[in-house]
Amino acid sequence: MSLYEVQRFIHRLNVEPAFAARFREAPEEALAGYALDEAERTALLAGDMAALWRMGVHPLLMLHYGRARRIPLPELLRQIEPLRGLRQLRSARPRAGADARRP
Amino acid sequence: MGEIVAAILCSHAPGIAVYPAPEEKRQRVLAGFAQARALLEAARPEVILAVSCEHFVNFNVDNFPAFCLGIGAAHYGPVEDTLGIPVGDVPGHPEFARLVLETAYDGDVEPAFSEHLLLDHGTSLPLHYLNPARDIPVVPLLQNCLVPPLPRLARCYRLGQLIRQAIDAWRGRVALVGTGGLSHSPGAPESGYIDEAFDHEFLTLLERGDAAAIVAIPDERIDRAGFGTWEIRQWVTVLGAVPERKGRVLVYEPVPSWLTGCAVAVLE
């Protein structure tokens, strides 16, 4: 499992419009070459925003993914609304032993 | 000696341009930008130093600078094709940018630098409202307000002081624009939650000109207002350049459908 790889993929969707178009047209092909596990691949193929949030995707990358995949913002937010409070986004330095992210 | 002829602070939420909102709220926010634009035009700057933040456009977590200054002859943006804003080259100002960069290094703050920065809504949206003709060269400064660890508020303030030193050593007329915030959590399940109490406290400190109190705001307090609130760093950097000025808030409007507590202010 590689959150980094998921986010690397979404980042590319955001900065390469041609790659985003390819993902919309041939999603499996666009994902080839990324070292993703089955859950990550499934979530990215399905547009499963709740799964992406659970695995720790950065909120801005959630929006970038939604835009690349043409998921309307209200629909994106509807999917993740039940997950309020699941993750704490902190800039404050974490205390020793505390996990900044609760997956 | 150079002169800071305007210092404008504002939100940069893409919603302002594209998402629906109650018409009176939209009009109030746009009127705030129009007031700031009039001030900017009257000030006749030769260059705008625009402080915004990175949003996973130029950088990803494989390489993420705390600060990056655009020193090129041109930048490009906005990268989003959904804002209804013209996309294309934005003129830079390499000479002034180099001076800012060298002055920062002399002062022991070392921003990364780029000959060709990509701009997004963070810079392009406010500048679309403030200088729609795009005829004033722009030096963009991007700060990391996205992936902790973030530059500390005091470090942003220090960089602002060094920007002031660079302008003092220059000969031209400079406008400072700082964009981001206030309370918001875009893309999180908490999207649409706006911590109005935080926003009012922050704007009150700005109006008092209490930079020390702003720099001392605890990270935990900012976190509670939502991760997008980390973007007040841009306001702090600009404040560092004009610590003798006080804020005048042109508009504050919490707009849940824009997912943001939206403000436009000037330091004078």
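In which sense do strand β3 (residues 67-70) of chain B and β6(B) pair, and over how many bridges?

Modeller: They pair in the parallel sense, over three bridges. This is a predicted model: local features need pLDDT of at least 70 and side-chain atom pairs pLDDT 80 or more, while totals for chains, interfaces and linings use all residues. Residues count from 1 along each chain as its sequence is written, chains are lettered from A and ligands numbered from 1 in the order written.

Strands are DSSP E runs of at least two residues, helices are H or I runs of at least four, and both are numbered from the N terminus. Two strands pair if DSSP finds at least two bridges between them. One bridge here joins L69(B) to F113(B) in β6(B).

Now the whole sheet. It is open, has eight strands and shows mixed pairing. The order is β6-β3-β7-β2-β8-β1-β10-β9 in chain B. β6 (112-114) and β9 (247-255) of chain B are the edge strands, each pairing on one side only. From one strand to the next, the twist averages 15°. Angles run from 0 to 180 degrees between N-to-C directions, with axes fitted to C-alpha atoms, for helices over the stretch in contact.

α6(B), residues 196-208, lies across β9 and β10 (260-267) of chain B. It runs at about 170° to β9(B). Contact means C-beta atoms, placed from the backbone, within 7 Å.

Look next at α4(B), residues 121-130. Nine of its 10 residues are buried, so this helix is largely enclosed by the rest of the structure. Buried means 20 or more other C-beta atoms within 10 Å of the residue's own; 12 or fewer is exposed, and in between is partly exposed. Among the buried ones are H121(B), P126(B) and Y129(B).

Chain A is built otherwise. Chain A has seven helices and zero strands. Buried residues make up 32% of its 103 residues. Of its contacts between residues at least 6 apart in sequence, 62% join residues at least 24 apart.

Finally, the interface. It takes 24 residues from chain A and 23 residues from chain B. On the chain A side, α1 (3-15), α6 (59-68) and α7 (73-80) each supply at least two residues. α6(A) gives the most, with seven. By class, that side has 14 nonpolar, five polar and five charged residues. Nonpolar covers Ala, Val, Leu, Ile, Met, Phe, Trp, Tyr, Cys and Pro; charged covers Asp, Glu, Lys and Arg; the others, Gly among them, are polar.

Conventions:
Two residues are in contact if their C-beta atoms, placed from the backbone, lie within 7 Å.
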